[in-house]
Amino acid sequence: PTPWVEAARSANVETVIALDLDQVGSDRGFAWPAGFDASTAFRFRRRISGGGIRSHADLIAARAAGCDAALAASALHDGRIVPSSVN
């Protein structure tokens with residue numbers, strides 16, 4: 001494991017947010033950040049991804065990849081995803 005993982009676990013961090021700033025606002029769809037070892041995320045209790053979420057399909061892809069939640073700001077702001085339709 002990379003040093004940040006061990007430091008986070010030692011500090012009892014339970015949630016990791018994997019946010020690819022290049023994806024934010026890009027509408028490219030769900031993807032774990034470039035260079036991020038997604039298996040690392042599974043050492044944490046909750047896994048959140050962000051950047052590029054366009055639609056419900058991307059939220060489903062994020063869930064299938066092991067995310068417990070996803071940051072979806074642009075799609076919420078412009079109405080492609082309606083908060084009441086997400087569970």
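Is Arg-54 buried, partly exposed or exposed? With a relative accessibility of 34%, Arg-54 counts as partly exposed; buried means under 20% relative accessible area, exposed over 50%, and partly exposed in between (1.4 Å probe, protein chains only).

## About the model

This is a predicted model, in which local features need pLDDT of at least 70 and side-chain atom pairs count only at pLDDT 80 or more, while totals for chains, interfaces and linings use all residues. Residues are numbered from 1 along each chain as its sequence is written, and side-chain values use heavy atoms, with hydrogens and water left out.

## The nonpolar core

Let's start inside. The largest nonpolar core holds 16 residues, and those with the most contacts inside it are Phe-30, Trp-32, Phe-44, Ile-53, Cys-67 and Ile-81. Such a core is a set of buried Ala, Val, Leu, Ile, Met, Phe, Trp, Tyr and Cys residues joined through side-chain atoms within 4.5 Å. Two or more residues come from each of helix 1 (3–10), strand 1 (15–19), helix 2 (38–41) and helix 3 (56–64). Helices (H or I, at least four residues) and strands (E, at least two) are DSSP runs, numbered from the N terminus.

## Around Phe-44

A search of the whole structure turns up one aromatic pair. Its partners are Trp-4 and Phe-44, which are stacked at 5.8 Å centre to centre with 5 degrees between the planes. Rings of Phe, Tyr and Trp (its six-membered ring) pair if their centres lie within 6.5 Å; planes under 30 degrees apart count as stacked, over 60 as edge-to-face and the rest as tilted. Trp-4 lies in helix 1 and Phe-44 in the loop between helix 2 and strand 2 (46–50), so the pair ties together parts that are 40 residues apart in sequence.

Phe-44 is buried, at 3% relative accessible area, whereas Trp-4 is partly exposed at 40%. Arg-9 also lies over the face of Phe-44, 5.9 Å from the ring centre; a charge sits over a ring if NZ of Lys or CZ of Arg is within 6 Å of the ring centre and within 35 degrees of the ring normal.

## Salt bridges

Six salt bridges are found in the whole structure, each a side-chain nitrogen of Lys or Arg within 4 Å of a carboxyl oxygen of Asp or Glu. One of them joins Glu-14 to Arg-45, with the closest N and O atoms 3.2 Å apart. This pair links distant parts of the chain: Glu-14 is in the loop between helix 1 and strand 1, and Arg-45 in the loop between helix 2 and strand 2, 31 residues apart. Glu-14 is partly exposed at 44%, and Arg-45 is exposed at 62%.

Another salt bridge connects Asp-68 and Arg-47, at 3.6 Å between the closest N and O atoms. Asp-68 sits in the loop between helix 3 and strand 3 (69–71) and Arg-47 in strand 2, 21 residues apart. Here Asp-68 is partly exposed at 25%, while Arg-47 is buried at 12%. Our opening residue, Arg-54, forms a salt bridge with Asp-58, the closest N and O atoms being 2.9 Å apart; Asp-58 is buried at 5%.
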